[in-house]
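Hi,

Here is the structure I promised to pass on.

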Amino acid sequence: MFALVTQKQGENQYGEGSDSLIHMAIQYVRSLGFTPIPIPNDIDTAREIAQDIDYRFLLVTGGGFASVEYFCNDCPDAVVQAERDEVERFLVSDAVSKGVPVMGVCRGMHMLNGIFGGKTMRNGSHSAPRHDHDVVFGGGRRVLVNTFHNNAVPMDQLAPEAELLAVEAGTRNVEAFRIVCKRVLGLQWHPERPLPGHEAVQASDEILAWLLHGTALPEDLAPYPRSESHRELLR
């Protein structure tokens, strides 16, 4: 089975456009049972690959800022990845139309939230180097996860169709969401990178089992009730 994997857009040492992908993302997709196919940030190539290959999973990766149109505040330091944005928007639309499961990690979560009507916030309380923190699920489970981001999705900017799965402890920042009818999952932490403990690995695996196989989430990983999530957590 094949999986499509998006790539970061940038430049090499000669100022030439280039795409990049960490090896851990490839290894992670293989561990899920898929043969990964990295997608170049070229829309025509992406369309041809999506048309010609019967792929069964889409991973929208991290790295940099999501499209600035998906931010609710100014981002003067944002590095635009326009071709990547176009490719990822197309691939998400294609996957959802085919019923293919989609997972977005870090920036990928921000892209998914934006594509489905939410917003991201430039967040000065985080920095790029790794720092671990606790997340709290709607069902009550508390898990220590990794984090590398400097932007966040506030709870009141979550996409309308999304169910809130987890928040960063002590903040209003979304750490995980899902859109059940579209088989879409967003994670702020990085399951493809080393996690700080068995509990984080287990929680990530259980969430992926829902996305890929339709396995019910354990009760303590259940989403926050729609009618209560924002009201209770924003107190």
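Predicted model: local features only at pLDDT ≥ 70, side-chain atom pairs only at ≥ 80, totals over all residues.

Let me start with helix α5, residues 198-213: its 16 residues reach 21 Å from first C-alpha to last, close to the 22 Å expected at 1.5 Å a residue (the expected span is 1.5 Å times one less than the number of residues; helices are DSSP runs of H or I, at least four residues, and strands are runs of E, at least two, both numbered from the N terminus). Buried residues in α5 include Ile207, Leu208, Trp210 and Leu211 (buried is under 20% relative accessible area, 1.4 Å probe, protein chains only).

Numbering runs from 1 along each chain as its sequence is written, and side-chain values use heavy atoms, without hydrogens or water.

Now the sheet. Nine strands make an open, mixed sheet in the order β4-β1-β5-β6-β13-β12-β11-β8-β9 (two strands pair if DSSP finds at least two bridges between them). β4 (35-38) and β9 (142-145) are the edges; each has a single partner strand, so one side of each has no neighbour in the sheet. Within the sheet, β8 (residues 133-137) and β11 (residues 163-168) pair antiparallel over three bridges, and Phe137 sits opposite Ala166 in β11.

Happy to talk it over.

Key: Buried < 20%, exposed > 50% of the residue type's maximum accessible area, 1.4 Å probe, protein only.
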